[in-house]
Amino acid sequence: MNFDCVVYGCSHYCNECLPDGVDINSDEVFPVFSTTELDYYPVCEECGEQHTYMTLTTEGRRNEGFWDIEIDGKSYRVEDVTTEGDLTVIETEDGYDFIVFESLEDAEDIIEEHYKELAVNDPQEFAALIGVDRLVFYALGNADIQEVFNEFRNQASNGYFGNECTVTEDTAGEDLRDELGFDPGIAFKR
Ligand SMILES: [Zn+2]
């Protein structure tokens, strides 16, 4: 038999959980095959076992948490994933936006990259940000310019992308991780 679960009446049952006297081969019993598309994984009316071998619809994958994520202890269902330049943004069904990264270090790298590009593309703006005196101090070799970039990196934890939040480990759903291409560990709420 290539199914473990059937529909009888309005309920699902494990094959062996059908009510006494109901034959699995009866016209009133409908097998649920693995190719059957459902909006939820069905639960046996009798024993409560959930069967997960069948196919889920897109809506079903959302219902079963394949698009869910837990941030700061709260569960969100993700509506969409978008990119803004180097940033990856998840939009939740209840209207929140989070910029997500695999780690804080990845967020800091993006900031450092941003300021390094600024230094090349708009040196005057960059000099104004740091202060010419200080820039000369570094230029004379009195200290490593990386110190400056480290200060910029610290902005990740100080509101650069928004409020820092923690993604609860292993809570990003399978579809969400596939879409992101990484397993998010940190999120910034905008
Ligand atoms: Zn059962």
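**Briefing: strands, hairpins and a helix pair**

In strand β8 of this predicted model, Thr92 is the bridge partner of Val78. That pairing belongs to the antiparallel contact between strand β7, which covers residues 74-84, and strand β8, which covers residues 87-92, and the two strands are joined by six bridges.

- Besides the pair formed by Val78 and Thr92, Thr82 stands opposite Val89, a residue of β8.
- The strands β7 and β8 make up a hairpin in which two residues lie between them, and in the turn Gly85 has a positive phi of about 60 degrees.
- Strand β8 also pairs with strand β9, residues 97-101, where four bridges connect the two in the antiparallel sense, and here Glu91 is found opposite Asp97 in β9.
- A hairpin is formed by β8 and β9 as well, with four residues between the strands, and Gly95 in its turn has a positive phi of about 95 degrees.

**The sheet as a whole**

- Strands of a sheet pair through backbone hydrogen bonds, and this pairing may be either parallel or antiparallel.
- In this model, six strands form an open sheet with antiparallel pairing, and their order across the sheet is β6-β7-β8-β9-β11-β10.
- The edges are taken by β6 (68-71) and β10 (163-166), and because each of them has a single partner strand, one side of each is left without a neighbour in the sheet.
- From one strand to the next, the twist averages 45 degrees.

**Helices α2 and α5**

- The packing of two helices is described by the angle between their axes together with the distance between those axes.
- For helix α2, residues 104-121, and helix α5, residues 146-154, the angle is about 130 degrees and the axes are 8 Å apart.
- An angle of 65 to 115 degrees would count as roughly perpendicular and one over 145 as roughly antiparallel, and α2 and α5 are therefore oblique to each other.
- The crossing of these two helices, α2 and α5, is right-handed.
- On the α2 side, the contact involves Glu108, Ile111, Glu112 and Tyr115, which meet Phe149, Phe152 and Arg153 in α5.

**Domains of the chain**

- The protein chain is divided into domain 1, spanning 5-59, and domain 2, spanning 70-190.
- Taken over C-alpha atoms, the centres of domain 1 and domain 2 are separated by 47 Å.

Notes:
Residues are numbered from 1 along each chain as its sequence is written. This is a predicted model: local features need pLDDT of at least 70, side-chain atom pairs count only at pLDDT 80 or more; totals for chains, interfaces and linings use all residues. Domain bounds come from an automatic or database domain assignment. Axes are lines fitted to C-alpha atoms, for helices over the stretch in contact, and angles run from 0 to 180 degrees between N-to-C directions. Angles under 35 degrees count as roughly parallel, over 145 as roughly antiparallel, 65 to 115 as roughly perpendicular and the rest as oblique. A crossing is left-handed if the near helix is turned anticlockwise from the far one by less than a right angle, and right-handed if clockwise. Two residues are in contact if their C-beta atoms, placed from the backbone, lie within 7 Å. Two strands pair if DSSP finds at least two bridges between them.
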